[in-house]
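Trainee: Please look closely at one part of this structure, the salt bridges, and take me through the partners in a connected way.

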Amino acid sequence: MDSFTQRRRRDLILAAALAAIAACVPLFVKDVYVQNIMVLTLMYAALSQAWNILGGYCGQISLGHALYFGLGAYTTALLFTKFGVLPWFGMLGGGIISALIALALGYPTFRLRGHYFVIATIVIAEIGFLLFHNWDYAGAALGIDIPVRGDSWAKFQFTRSKLPFYYFALVFCCVAWFITWWLEDSKWGFWWRAVKDNPDAAESLGVVVFNSKMGAAAVSAFLTAIGGAFYAQFVSYIDPESVMTFQFSLLMALPAVLGGIGTLWGPVLGAVILIPMTELTRSFIGGSGRGVDLILYGAVIVVISLARPDGLIGLFSRRPASKGVPQ
Amino acid sequence: MTTPLLETRGVWQRFGGLIANSDVSISVGAGEIVGLIGPNGAGKSTLFNLIAGVLPPTQGTIWFNGENVTQMPAAERCQRGIARTFQVVKSFETMTVIDNVIVGALIRNEKMRDARRKAHEVLEFCGLAPRADKLARDLIPSEKRRLEVARALATEPKLLMLDECLTGLTPLEAQSGVALVRKVRETGVTVLMVEHVMEIVMPLVDRAIVLNLGKKLVEGKPADVVRHPEVISAYLGDRHAVGA
């Protein structure tokens, strides 16, 4: 009991310390390009944390989270450009719409097991992409240009500095982390891990497997949509290509997989390594680099899954006594 | 006898052309230890799964605590007080031993703190307390069996169903398993156990129900059951039954 509480407290302190350090970094890093990478890193850390709730804790591997990301981005952009609704409400609305859609999609798909579920998520996200690609009201393939109305927190637009976006991303990342931390020691957290490890046994212990999956999907989709809404404001121009492609689904899943799937710190660790690597390879290799970053991911994932199947977090194992070979 | 805790009435289960259970009616009274025995393929596990709620029977009804639970899913039956273990252990491998048990305890405890306390009590009861912080996958087989029992007990069942939980253990391990089952019964929990190792179950159970070829063959006191000619013939073949 004591070691457990201690570990939870240590995680919390470590997170607070890291957040404080991250908050100070812009004081020393003035380069806009580097700041841009930092914003994306924090955003993907948060998104991967959200993905990890469904894919890592609950074990329902989704490769279609771009759908929720896109829904968040589009809801915010559409509400703002068509009705003048402030992005903050769009963000919330996008989150709620995504959660509801996740529940609607979960209703049939959570009866599928294993690979079938993964395939279903890819297909559904692809359908979403095609719908937006052809939906004239939402700009179809041209997308939506979010008009600049001057820098303000109310409109969540900043043209002169990236710092406000950086701090929002930092808060978003902290919130996603904290929600995960909190869920980890809740009924839901335990149900999800049980469902992942063995659904039959979970059911026999009174866990309603279907409902558990639905809960995880809703939370995960909600947070992912918040990220999408943020991204729309950050880049101020969205089209289906830039927010709903399969690549985004991958980018949300990979940090968690790389860092340690179903762990509290995995997504953060994975994002901190993966996202800068992606951005740097892209800029070094230049315009023709599209795809090379993905090849690099592939290589990293292969190496990690061979050497550290538990993810990089395994290098900082918290449980040296019981990990590895039993004595 | 007063109303039994568990009753199956004319239960049938067909899998395509195969009849796994035909017209099985059994009852288990509160506080009993009942053994469900029979040779391989007798339909024990099928009946067990029907009672646990893995699937509904093709025909017939299942009653628990005076309530018809025939169509109830497994999770709901657990809520009503039926807990089970699995023949092939199904631990939550990536979770610690204590976390495995907490999952079971959550059904009766709203607060995490209470569930955790309950789980620690159950681990103590089952003799697994020293292993609490190990990962389930690092346990040895006999400990995994114990964990199955602990997890089930954490749901505070009225009826504990054990599916061959003593099979494949060393004699010493089996003996301490038997002691654990007795201890469980002393706490007021009714036990229904499937076993096919006769010499382990017979001294332990109050009553034995023998299934053969999907049908109920005999039921009664263990000592009578083992002498029953039909039971001997089911286990050993007709030749051996002649002298009995």
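Mentor: Relative accessible area, taken with a 1.4 Å probe on protein chains only, makes a residue buried under 20%, exposed over 50% and partly exposed in between. The model is predicted, so local features need pLDDT of at least 70 and side-chain atom pairs pLDDT 80 or more, while totals for chains, interfaces and linings use all residues. Residues are numbered from 1 along each chain, chains are lettered from A and ligands numbered from 1 as written, and side-chain values use heavy atoms without hydrogens or water.

Over all chains there are 17 salt bridges, each a side-chain nitrogen of Lys or Arg within 4 Å of a carboxyl oxygen of Asp or Glu. One of them joins Arg185(B) to Asp206(B) at 2.8 Å, N to O. Because Arg185(B) belongs to helix H6 (residues 171-186) of chain B and Asp206(B) to the loop between helix H7 (198-201) and strand E9 (207-212), this pair ties together parts 21 residues apart in sequence; helices are DSSP runs (H or I) of at least four residues, strands (E) of at least two. Both partners are partly exposed, Arg185(B) at 27% and Asp206(B) at 30%.

In strand E9 itself, Arg207(B) meets Glu219(B) at 2.4 Å, N to O, a link between distant parts of the chain, since Glu219(B) sits twelve residues away in strand E10 (residues 215-220) of chain B.
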